[in-house]
Every structure is written in C-alpha cells, then in structure tokens.
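Reader: I have the sequence and the model open side by side. Could you walk me through what can be read from them?

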2 protein chains.
Amino acid sequence: MNIKPVIAVLQGLVARDTEITVQGWVRTRRDSKAGLSFIAVYDGSCFDSLQVIVNNSLANYQDEILCLTTGCSVEITGQIVDSPGSGQKFEMQATKVVVKGWIEDPETYPMAAKRHSVEYLREVAHLRPRANLIGAVTRVRHTLAQAIHRFFHEKGYFWISTPLITASDTEGAGEMFRVSTLDLENLPLAENGKIDFDKDFFGKEAFLTVSGQLNAEAYACALSKVYTFGPTFRAENSNTSRHLAEFWMVEPEVAFADLDDVADLAEEMLKYLFTAVLNERADDLAFFAERVDTTVIARLQDFINKDFAQVDYTDAIKILQESKQSFENPVAWGIDLSSEHERYLAEEHFKAPVVVKNYPKEIKAFYMRLNDDNKTVAAMDVLAPGIGEIIGGAQREERLEVLDTRLTAMGLKKEDYSWYRDLRRYGTVPHAGFGLGFERLIAYVTGMKNVRDLIPFPRTPRNVSF
Amino acid sequence: MNIKPVIAVLQGLVARDTEITVQGWVRTRRDSKAGLSFIAVYDGSCFDSLQVIVNNSLANYQDEILCLTTGCSVEITGQIVDSPGSGQKFEMQATKVVVKGWIEDPETYPMAAKRHSVEYLREVAHLRPRANLIGAVTRVRHTLAQAIHRFFHEKGYFWISTPLITASDTEGAGEMFRVSTLDLENLPLAENGKIDFDKDFFGKEAFLTVSGQLNAEAYACALSKVYTFGPTFRAENSNTSRHLAEFWMVEPEVAFADLDDVADLAEEMLKYLFTAVLNERADDLAFFAERVDTTVIARLQDFINKDFAQVDYTDAIKILQESKQSFENPVAWGIDLSSEHERYLAEEHFKAPVVVKNYPKEIKAFYMRLNDDNKTVAAMDVLAPGIGEIIGGAQREERLEVLDTRLTAMGLKKEDYSWYRDLRRYGTVPHAGFGLGFERLIAYVTGMKNVRDLIPFPRTPRNVSF
C-alpha cells in the first residue's frame, strides 16, 4: 500500500495518476441521489479533511458505506483528482473502502459532528483531540514546542532537564505537592512524635518543583547558555482560567548576561515563535480567527513588527498615576502591578509589548540582583497587549555577600541554600534568565481563554481524570 | 564588545584581524619563564578550551593573572591567531583580561583540575557540569534530545505532553509515588475510619505516572502519529546503575501501525539518533572513546551499518537452548529473557541489534495485542549489543472484547479503564508504539555505566539532593 497522510494530498504533493491509500476517521458523510457518497476523512495531519467520493458500485456500498457515521475509522484506496467543487483543490475517487472500526452506538457517540462547548469537551478529554478545536490546539502546541527547541539550539543553548522531585522551594513561598511513599494508614513516627521522614523513599521530605531555575543556574555557570523546557507544579487552590496544578515552563538561563540581554532574548524568542506558528500553522490559525478570536493573526503579525517598549517600574507607576484612569487597585510606588495596570501600559499607553524593569525589592524573590539604588532589583516582566504578563525574568544576584543579606532579610536560612551559594563562591558570573508559561503562550497565540483547553489532560483542584 | 563562543573560535569561524571577546572559566594556567601565561578557557560551547596567551605587559598581570586558578570566571579580549603549538589550530593573544569571579579558597575548591571519580562528582552535582566528563554528557544529552524532536517532527508526529500526576496505573503493577497536599500530622478521616482523600487536592488518591502510553493512545486515535518525551517515575527501591526514581522517556504511538511497523520505526529512529550524535558531537565522543570506553564510536557506526535481526521469542528460546551456553537463569518457553540471554542473542548469535517479537502473554501487560495462537502477544524488545534491552514496545489490543477478557484474566477492573476502553468502542484502529528510556540511550552512546551520571540531578532511594 502506498499510504499518504491527508496533508500531503491537500498540499498537492501526491501524483494524480497513481493509487494511494489514506487512513483516518470519518468527519461527515453525505449521500447524493446519483448514488455517490461524499466522505470527509481526517487523520490529524492538518486541519482540513480530505473529500472522498465513493461510488455505489463498490461491493460494500450498501452494507457498510451507507452505515458510516462520524468517528468510524477507515482505510481508503483510490486516485487523487482535481476537485470540481469550490471547497477544495483535490479530492479522492475511492476504489476500495475498508472499515477498520465502527462507532458502538452512533446516537450516543460523545463526539458527534457538531460544535461542542469547551466545558463539555473537558469532560471527554480522551476523545476531545478528535474535535477540530482541540486538534488545532494540539498542532499549534507542537509547533510552538518544536520552535522553542529549534530557537535555543540554533543560538547555542543546551537543553537541561532539571529535577521534578525536589527538597527545596525555589521561590521560598510556594504551595507545593508532597511526594512520598509512606503508608498514610500507618505513618512512621520519630522519637519526638513527629512524622519520621527518614523512613520515606528519599529519607527526607520531598515535593514537586515550582521552578527549575536554581538548578538551571548551576548548569549556566558551567555551560554558559542553557534552557529548561519541562513540567512544573503549583498546589494552589486556584480555580481560574489561567492556573493549572501541572503546567509546562520554558526557562533560559544565561551566564555573562544582564537584564537587558535577557529582555532582548525574550523579544527575539517571542518573535521567532510567532513567526514559526504563522508560517507553519496557517490552517489552524485561520480556524482560531474564524471561531475563537478574529484578531489572533493580526495580533501576532503586529507583535512581530513592533519593537518592544521598555520602561522602568518607577516610570510605569508615574504613567499610571498620570493616566487619569480609575483603576480598581490604587497605584503607588511599591505595589505589584495588577492585570488592569499591565494591560493599560501595553494596550493604551505603549500600544506595543512592553518590558517593565527594576521592581521594588520587597515584592520580588530573594535571588534577584539588587540595583545600586538599594531599593529595586533587576527584575523584568514582559507585558503583551491582550493578555498582560507573559514572561517574568531577572538578573540573578551573583554577589555572595549581597545574596546572603537578602536571604537573611527575607527570613530564609543560608544553610538551605548552600549549594546555590557555592555558585557564588566559586567563579561567580553575572547571569540572568526568565520563565515563560507554555500554556499561557498558547493562549496568546490561539485566543483561547482557558489554559485547561491548551494541555492534553489538565490537572486542577479536584480534577485528575484520565 | 564582539563576544564569541569558544566553539566559533576553534572552528575557525572568527576573523583573525578583529578584536573579539570570550567569556568563560579558567581550566588551567601555566606560566613561562619568558613572562607569558597560557590560560585554557572553557565556556561549555564545545569540549575543548581556548588557549589564551597573556603577556606580562598587561596592567593586572602581577596582581590578577598570576593569581588565576581553575574555575575563576574571566572575560578576555584579544585577537585570534594561528597557533604555533601542536595542540590547537587557533589561539588568542589577549589584550585585556577582566576577572569576573574568583575561587573562594583554591585549595579546597571541589572541582580542582584533576580527574575525579564519578562517585565523587555525584556529591557535587551542582558543580559537576564544570568537569570535562559531565560537560560532555550534557552536550550529548542535548544533541540526542534535539535529534529526537527533529526525527519525529520530520516524520509528521506531534509531540504530546501526557500528564505527570495521575489517578491510574498504566502497567497495573507499578510502585508509584503518592502526590498529596494533605497535612500528614493531621490526616482527615472518613466515616469508615480510612483516610479521606476527598479532602486531598484532587479529591482522590493521586500518583506520579509510570508511563504516558495510555494517554498517548488517546491522541494517536485522533492525530494518527504522536510521541511523548517527558519525565516518568518509579518508586522502586532499586539501587542499581540502571535505575532512577525520576527519568525521561520517549514514547511514540502510531495509529494504523502493527508490530512490524514500530519495529521498523525503532530501527530508523535509533540509526537517525546515532548518526546525529556522530555528526554533531565528534569532540565529546572522542573523549568518551579515550576515557570511558574505547569502543563507543565503532559501536555506533556498526549499529548504523547493520540491518536489525528479527526473531520470534519462540525461536529465540530454541537458539538459547541449542547454544550450549551455561546460563545462570535456566531457559524454557515462558520465561522472561534476562540480561545474559539478551546479550547472548545480540552479541554472540546475531552479532547485530535484534528485535525479539511475540512474547508469552503471561509475562506481558494487559494492553498488548493477543496473537492468533492465543498464547503470545504482539510485544517486542530491541536488544543492542553491549547493553541488552534498549526499547520495549507492542501492538496494542484494539478489539474491545479481547481487551476485556485480558483485563478480567489479569484481575483488573473494567471500570478503572473506562476511558481507555472508549478508544475501542468508538472508531478503534490497530495501533502500536514503544518506549525508550532516555538515560539508557545516553549510556549506550557514551559508554557510561551509571544512569546517575547521565541526568543532571539524579533522584534515587535516599537521594533528593540539590
């Protein structure tokens, strides 16, 4: 059999005088009075289905073809011809249709060919990739992931897999999942009456990581340019459209780089990724523009064509104060910017992606580099029109004595960070990096509102199905 | 500053009449009587260091240059010249050396420039990427990861991120880590006196996954060709050189494919990956051949040039029985092959990688497709000379009634697999896939014996450091 994916046929890459076979699933079937059936077959290789014309002269036409319903799996052999119809350039004239799998009860098939709500689709997460919407999300997700690896590889970065199970807490304030093999019905107790974690798998308390950054720093301090791209966890009881208990994160870390260097890196990376998805997934983006958000394509093109604005946090506060907007959250130096502030800056004031830099040290993590003003740290957030914060980063504190002062001021123990401090004791270098939430990136690209629809099997409070 | 990575200099990509800057760390320093110092500088971009010649005419020569020790971070500006020495083609004549970071106490620096044992390096996992050995491992790991993504992308596969936190147990027999936010000091009890998991984060018991396969099958049954590449967990108390509690796995899953198709895919993939690493990491492989295992390069070339042998399990048993070898583990139809059997087949009998197919159903998982003999299932293992099993795969049971019979026979409950059964109720298709342990792949490529040295921060029983 000369098997071809649907995408090869639709792109005109299949010769029109040879017999080929496509394998996939029935999207729809309609029958003409002239004794022909039109079957739309998809195989996931691209957004569109292939139109297949089946003549009633086929032996199994009455018994099988006329019984095909949405979701049946088929293997169809035939020739590709120019389509006289207006919907497609090519179609297939079938010479043989083999039905591989039927739908148990078409009346109750959960993925009937109609528009389903995203809420309903989450309840059938094992079947939802069969929907046009989730198929398109999956291809966009793949394209962005590939582009991320390609971007960093081409720039000489090494991919590092940082550990998921950890005994340390990067941010010093995370809500973390415990990882354990202790028998909860029969917990071992130490002499002091507390749980005896010495009996646990790792011999001490262990958790799921909230960030690979600290570990990535160790590798940046040896290989110069590294990035992580892996899962990350938050045990926050947040039932919002922007939170997942398990999500994927991209975290580059660059030795000998300062805040401006990684702000430039973030701009270059986002533009590279958006260019890739515009070039490679035009079919799926057209669908999102039609069905989800009419602005998605223009928004990406706009993003690519504009230079990022840059503004100091202190100046951003002034802009907000002078804006005469009535914000829900009052504006004053020292506050963390909230979503309304971020969107005003990106959408109303700068009308472009904007990098806000140098935040008050009180609202940022211990590892961010203290500026000479002694009041701010070299942190940055990238704010995008239409979504707000999409990237958060910082130059890291490379000076041991300043780091120690910060740790103490924040009530953290030096002993808990001894290996991290070693990176400053031995050949320390200025370095910087940032984090990009992968599902939020896909939200920006597709216009989809809820991150639960942008990862195959979402994990959220009270939901660990499938 | 015109900053260049060391690899660009050593590959001759830097013009020899312009001033450039390299940033990195001192590997070694030696001083000549003529008032010159030779500093070997590495930045991780490739295996070799750049030799930098520093003349005592530099202002900081006495106070700083002569104090440089292994591990100090430096930023050096100068011109690239042809090297008169035999060790390298190019070297740098420094015009400026800026010391960025000193070594706190060179006498006790854990990464002094000498050969360290792998056991010692594990104790300083945050500093060990600075060693030649672990730097080389990191670059090989990166190259293989990139090649995996590229291979599948070029063949039309979509990368799927399957969930790490799960309520189901793929193999039906895994030792799994519990994931929970319950307060162990104050566990909620239900009315029956048992732990009330309804109060836990997910509202039920949750664990870390042992495989993404079942979830990947759901996506293959919609998008045809998918693969996972992500972390996987085993709570086995195994202190061996081949086991990690947290490791990375590659799992392609292909709709409309049978066992032979994925055996071919495995062969094509491994040859693609080994070709990539031979082409892209010649420097690091030369190091492994010199220091770790003299056969690594020849072994990879041999692997690429040989066709895989294929043998049925039943025939493999006959070969072993007729071999007149005295195996520790007796050979009889029905046994699981042990390492000595696998290595005899690959190394002595076939003298090539060999795919063993169609194992007794009793020793394989419930989801593997029952063969017509009713005794064996369509499972395969790929055995490689020098390491034994490197890939395990199977055609999946796509027939609902056969799957149900197998579930029942193995004491598993149909209800626990309801979503997995749905894939067979609705448009089922023949499909197949396999799993490749990423760290074992790196072991094969590098000749390194212990997987703890092939992942940045290994997790094993009683070890969750860093």
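Author: Gladly, and let us start with how the two chains meet. Between chain B and chain A there are 41 residue pairs in polar contact, both residues at pLDDT 80 or more; a polar contact is a pair of N or O atoms within 3.5 Å, where within protein one must be able to donate a hydrogen and the other to accept it, and residues adjacent in sequence count only if both atoms are side-chain atoms. On the side of chain B that touches chain A, the largest share, 11 residues, comes from helix H3 (residues 132-154) of chain B.
This is a predicted model, in which local features need pLDDT of at least 70 and side-chain atom pairs pLDDT 80 or more, while totals for chains, interfaces and linings use all residues. Residues are numbered from 1 along each chain as its sequence is written, chains are lettered from A and ligands numbered from 1 in the order written, and side-chain values use heavy atoms, without hydrogens and water.

Reader: What area is buried between chain B and chain A?

Author: Buried area is the accessible area (1.4 Å probe) that two parts lose on being put together, summed over both. The contact, meaning heavy atoms within 4.5 Å, takes 111 residues from chain B and 111 residues from chain A. Carbon and sulfur atoms give 63% of the buried area, which is about 9,200 Å².

Reader: Which side chain of chain A meets Arg425(B) in a salt bridge?

Author: A salt bridge needs a side-chain nitrogen of Lys or Arg within 4 Å of a carboxyl oxygen of Asp or Glu. There are 4 salt bridges between chain B and chain A. In one of them, at 2.8 Å from N to O, the partner of Arg425(B) is Glu104(A).

Reader: How many salt bridges are there between domain 1 and domain 2 of chain A?

Author: An automatic or database domain assignment divides chain A into domain 1 (6-101) and domain 2 (132-174 + 210-453). Their interface involves 5 residues of domain 1 and 7 residues of domain 2, burying about 510 Å². It has 4 residue pairs in polar contact, but the number of salt bridges is 0.

Reader: Which strands stand at the edges of the sheet in chain A?

Author: Strands are DSSP runs (E, at least two residues) and helices are runs of H or I, at least four, numbered from the N terminus; two strands pair if DSSP finds at least two bridges between them. The open, mixed sheet has 8 strands in the order S6-S10-S11-S16-S15-S14-S13-S12. Two strands have a single partner each, so one side of each is left without a neighbour in the sheet: S6 (158-159) and S12 (309-312).
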